[in-house]
Amino acid sequence: MSQNSILLDKSLKFAVRIVKLYQYLSKEKKETIISKQIVRSGTSIGANANEAVYGVSKADFIAKLQISLKETAETEYWLRLLVMSEYLTESEGESLLTDCIEIKKILTATLNTAKSK
């Protein structure tokens, strides 16, 4: 399995978790501001990674992955905020943060490889 397919698989599964988090936050916690932000950034990670696969050039591929990496950083911020503001427990947040950081590491490695070629 190539690194791209691992990235695409993990980012899709992460997006599903983020959508479920959005549903939980908006229905159970009645939180709408942060939940809208995190659903945008958390689902954008995989969307941009998928778009990168079909980039018209190496530069386009790298640019889309850079956007995906930025969205990962934003999502990590929102997850930390949700834990600190007690919308999520430490364990709920930690599980999502672990996945987010793993995706960030894959993106960073993929970008480093693409830039070095």
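**A guided look at a predicted helical model**

Visitor: How many aromatic pairs does the structure hold?

Guide: The structure, which is a predicted model, holds one aromatic pair. Its members are Tyr77 and Trp78, in an edge-to-face arrangement.

Visitor: What makes Tyr77 and Trp78 an aromatic pair, and why is the pair called edge-to-face?

Guide: Two values settle that. The ring centres of Tyr77 and Trp78 are 5.0 Å apart, and rings pair if their centres lie within 6.5 Å. The planes make an angle of 70 degrees; planes over 60 degrees apart count as edge-to-face, so that is the term for Tyr77 and Trp78.

Visitor: Which of the two, Tyr77 or Trp78, is buried and which is exposed?

Guide: Tyr77 has 51% relative accessibility, and exposed means over 50%, so Tyr77 counts as exposed. Trp78 comes to 16%; buried means under 20%, so Trp78 counts as buried.

Visitor: What makes helix 3 roughly antiparallel to helix 4?

Guide: The axes of helix 3 and helix 4 (residues 90–116) cross at roughly 160 degrees and come within 9 Å. That angle is over 145 degrees, so helix 3 is roughly antiparallel to helix 4. The crossing of helix 3 and helix 4 is left-handed.

Visitor: Let us turn to Lys13. Why is Lys13 called exposed?

Guide: Lys13, found in helix 1, has a relative accessible area of 52%. Exposed means over 50%, so Lys13 qualifies. There is also a spatial relation to point out: Lys13 and Asp99 are 86 residues apart in sequence, while their C-alpha atoms are 9.4 Å apart in space.

Visitor: What is noted about phi in Lys30?

Guide: Most residues other than glycine have a negative phi. Lys30 is not a glycine, yet its phi is positive, near 55 degrees. Lys30 sits in the loop between helix 1 and helix 2. Its 64% relative accessibility is over 50%, so Lys30 counts as exposed.

Visitor: And what is noted about phi in Glu86?

Guide: Glu86 has a positive phi of about 65 degrees, although it is not a glycine. Its place is in the loop between helix 3 and helix 4. At 67% relative accessibility, over the 50% mark, Glu86 therefore counts as exposed.

Visitor: Where in the chain is the predictor's confidence highest, and where is it lowest?

Guide: Confidence is highest in helix 3, residues 58–84, at a mean of 98, and lowest in helix 1, residues 3–27, at 94. For the chain, the mean pLDDT is 95, with 97% of residues reaching 70 or more.

Note on methods. Residues are numbered from 1 along each chain as its sequence is written. This is a predicted model: local features need pLDDT of at least 70, side-chain atom pairs count only at pLDDT 80 or more; totals for chains, interfaces and linings use all residues. Side-chain values use heavy atoms; hydrogens and water are left out. Rings of Phe, Tyr and Trp (its six-membered ring) pair if their centres lie within 6.5 Å; planes under 30 degrees apart count as stacked, over 60 as edge-to-face and the rest as tilted. Buried means under 20% relative accessible area, exposed over 50%, partly exposed in between (1.4 Å probe, protein chains only). pLDDT is the predictor's confidence in each residue, from 0 to 100. Helices (H or I, at least four residues) and strands (E, at least two) are DSSP runs, numbered from the N terminus. Axes are lines fitted to C-alpha atoms, for helices over the stretch in contact, and angles run from 0 to 180 degrees between N-to-C directions. Angles under 35 degrees count as roughly parallel, over 145 as roughly antiparallel, 65 to 115 as roughly perpendicular and the rest as oblique. A crossing is left-handed if the near helix is turned anticlockwise from the far one by less than a right angle, and right-handed if clockwise.
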